[in-house]
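Let's take a friendly walk through a protein model.

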Amino acid sequence: MRRSVLTTVPLLLIALLLGGCGGSTKNNSSSATTPSSGASQPAAGSTPSASTTAAADTCPASNTKSFAKTKFVAHVGLAAGSFHRWIWKPYKAGTFAKGAHGRLKATIKAGLTAAFIAHEVKVASDDVNASPALCKVLKKPLVALGNQLDGLKSKITGGDLSSLDGVNTAIAGVTTLSDKNGAQITESSQN
């Protein structure tokens, strides 16, 4: 058992470091949503969600990154597979419950996996923003999934598992929409 922990943790760390295809590539789609010089900025007391919503509705007219669809499929497949393997299955098996055998090990793996999943979804969002076809269909569901993943690592390590059903539903929604629109997602995980 100790041997599996010694091999699993370094593999997860390596996956976190090397997980993003082209992670250093910056998406310049925000320049397309920059207000013109005559437009007013949101008031100091207003929430940024109005400007964020406007930015979320814009999609590029042509591909801005090579193999965006392929990269998207790979990143979402890794995120979904890792979530189901390292978080969802132990959660459904009761491994995170107080007094459960292997709880600490499962919680550590789940926390690391949550950070990895958040990274993969961010990279997948960048890929979606680079493809007009994917952007029109998958941008909003990926934003919703990213919002579900905010703070998931700290929630899991703190013992709050209430958001896992919502994350599972959001992942299922993204993969279903993707499959219906010609980007077949195959779950995979670093095992």
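Start with helix 8, where the buried residues are Leu164, Val167, Asn168, Ala170, Ile171, Val174, Thr175 and Ser178. Because they cover an arc of only 165° around the axis, they sit on the same side of helix 8. The arc is taken from the directions that run from the helix axis to the C-beta atoms. Here, buried means under 20% relative accessible area, exposed means over 50%, and partly exposed lies in between (1.4 Å probe, protein chains only). On the other side of helix 8, Thr169 and Lys180 are exposed.

What do the buried residues of helix 8 pack against? Their partners are helix 4 (68–93), helix 6 (132–149) and helix 7 (152–157). Helix 8 itself has 17 residues and reaches 24 Å from its first C-alpha to its last, close to the 24 Å expected at 1.5 Å a residue. That expected span is 1.5 Å times one less than the number of residues in the helix. After helix 8 comes Gly182, with a positive phi near 85°.

## How to read this model

This is a predicted model, in which local features need pLDDT of at least 70, side-chain atom pairs count only at pLDDT 80 or more, and totals for chains, interfaces and linings use all residues. Residues are numbered from 1 along each chain as its sequence is written, and side-chain values use heavy atoms, with hydrogens and water left out.

## The whole chain

The chain has 8 helices and 0 strands. Helices (H or I, at least four residues) and strands (E, at least two) are DSSP runs, numbered from the N terminus. Of the 191 residues in the chain, 36% are buried. The chain exposes about 10800 Å², and carbon and sulfur atoms supply 58% of that area. Accessible areas come from the Shrake-Rupley method with a 1.4 Å probe; for residues, only the protein chains shown count as cover.

Among contacts with a separation of 6 or more, residues 24 or more positions apart account for 79%. Contact means heavy atoms within 4.5 Å.

## The nonpolar core

In soluble globular proteins, nonpolar side chains tend to be buried together. A nonpolar core is a set of buried Ala, Val, Leu, Ile, Met, Phe, Trp, Tyr and Cys residues joined through side-chain atoms within 4.5 Å. The largest one here has 31 residues, of which Phe72, Phe83, Ile87, Leu145, Ile156 and Leu164 touch the most other members. Helix 4, helix 5 (103–129), helix 6, helix 7 and helix 8 each give two or more residues to this core.

From first C-alpha to last, helix 5 reaches 38 Å, close to the 39 Å expected at 1.5 Å a residue.

Is Thr175 buried or exposed? Thr175 is buried, with a relative accessible area of 13%. Its side chain reaches the backbone oxygen of Ala172 at 3.0 Å. Not counting residues up to four places away in sequence, Thr175 touches Val76, Ala80 and Ile185.

Val76 lies in helix 4 and is buried, with a relative accessible area of 6%. Beyond its neighbours within four places in sequence, Val76 is in contact with Ala124, Val174, Thr175 and Ile185.

## Polar contacts and a positive phi

Lys65 is in the loop between helix 3 (49–56) and helix 4, and at 17% relative accessibility it counts as buried. The side chains of Lys65 and Asp127 are joined by a polar contact of 2.9 Å. A polar contact is a pair of N or O atoms within 3.5 Å; within protein, one must be able to donate a hydrogen and the other to accept it, and residues adjacent in sequence count only if both atoms are side-chain atoms. Glu187, in the segment after helix 8, makes a polar contact of 3.1 Å with His84, side chain to side chain.

Most residues other than glycine have a negative phi. Phe67 is not a glycine, yet its phi is positive, about 55°. Phe67 is exposed, with a relative accessible area of 63%.
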